[in-house]
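Work through the exercises below with the sequence and the model open beside you. Each task is followed by a solution that goes step by step.

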Amino acid sequence: MPVDYPALRLKHHGDRAKLDEILQMECRDKCARKLPSLVLREGFVFPSIAVAEMSTSEAVAEVHASLVADGESVLDMTCGLGIDTFAMARMGASVTSVELDRHTFETACHNAEVLGLGNLEIVNADSVEWISKCGRRFDVIFVDPARRDSSGRHFALSECMPDITVCRDMLLSRCDRLIVKMSPMADISRAMAELGVERCRIIVIGTVKECKEVVLVISRMPSGDDELVECVTVGHGRLTFKRGGAVPSVVYAVPEKGEYLLEPYPAVMKSASLGALGHIEGVAKVAPNTHLFVSPTDQRGFPGERMLIEEVLPFGKTAIKSFASRYGIINVAVRNFPLPAPALAAKLRVKEGGDRMVHGITTVSGDRLLVVTSMPVPC
């Protein structure tokens, strides 16, 4: 049974020790999935629920840390709970991390000691002011600007804190690579324009269920990596391609029984505007605005999930009338379809669940189809 934390806090109002114990319990509950090893680490503490909720997951922090080489000097401008800082220090980098809030800073210092990280310095300061005055240079500067404040959530870099669009030149004068973490909702082209860069390495990171973030790696000196786009799905590999490179001609096909319906991972979908979907070879696309693919064979290297097609039906009165008697319980999804999934389920008179899916789709010729498949599994 879930713990009623507001009721617990009300019960122990005024007891600071007990309230901190409740805070640690609640943060561990909230972070159990994204910080699986740290919530079990004896002595690791959280400064607040807000900082816990905004922290990077351990799995995504490992992707960030992979961008830093052993022995490199790194400045993390936005320490927070310190998950990225700790991951980069564990990779062998010499890390300096800056945190503005005093309590969060003290907590990060405590946790660094608990984790035994001696190659880490944590500073309590405004990071932009600190780096402008300290005179130090780093191999890498990493920044994850805060996207939430009292007015809500922000997606443009110029609306986040710190606003690195106004100090980009100063930051690049102090490092070889500037790594900028952004919201998964960020407009990549707009962000590059705000930062005044035409070329940079772009990394889109996600899970099998959602896109988590976009990362820009801006080099002070031009590099071949500046043309790379990487779609990273944690635990399921990556799709890498070059922006502006030759993109294979898109082939379209209508799904057929016995073939495989393929759905790209969210990180690949986020990169569609950069040409990601055009770089997936050996498969055919259903339609320009229907981001599903089909293949006559089992595509084990496809950056997404696959479903065996069991039946393909024209979306019309005949199929609608008999569908419920044949598939009373089935999962419903739509792509480029005139009805949302709940409305399609109601029209077909089916209940969500079971071990099959029906996809309402529109083909390249404009035909509407119901494609019945097995449940998706990673390619």
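**Exercise 1. Determine in which hand helix 4 passes helix 5, and describe how their axes are arranged.**

Step 1: helix 4 passes helix 5 in a right-handed crossing, where right-handed means that the near helix is turned clockwise from the far one by less than a right angle, and left-handed that it is turned anticlockwise. Helices here are DSSP runs of H or I with at least four residues, and strands are runs of E with at least two, numbered from the N terminus.

Step 2: the axes of helix 4 (residues 58-65) and helix 5 (residues 83-90) come within 8 Å and cross at roughly 50°, the axes being lines fitted to C-alpha atoms over the stretch in contact, with angles from 0 to 180 degrees between N-to-C directions. Helix 4 is therefore oblique to helix 5, since angles under 35 degrees count as roughly parallel, over 145 as roughly antiparallel, 65 to 115 as roughly perpendicular and the rest as oblique.

The model is predicted, so local features need pLDDT of at least 70 and side-chain atom pairs count only at pLDDT 80 or more, while totals for chains, interfaces and linings use all residues. Residues are numbered from 1 along each chain as its sequence is written, and side-chain values use heavy atoms, with hydrogens and water left out.

**Exercise 2. Decide whether Arg-90, Glu-62, Asp-144 and Lys-181 are buried or partly exposed.**

Step 1: buried means under 20% relative accessible area, exposed over 50%, and partly exposed in between (1.4 Å probe, protein chains only).

Step 2: Arg-90, with a relative accessible area of 44%, is therefore partly exposed, and Glu-62, at 39%, is partly exposed.

Step 3: Asp-144, with a relative accessible area of 16%, is buried, and Lys-181, at 5%, is buried.
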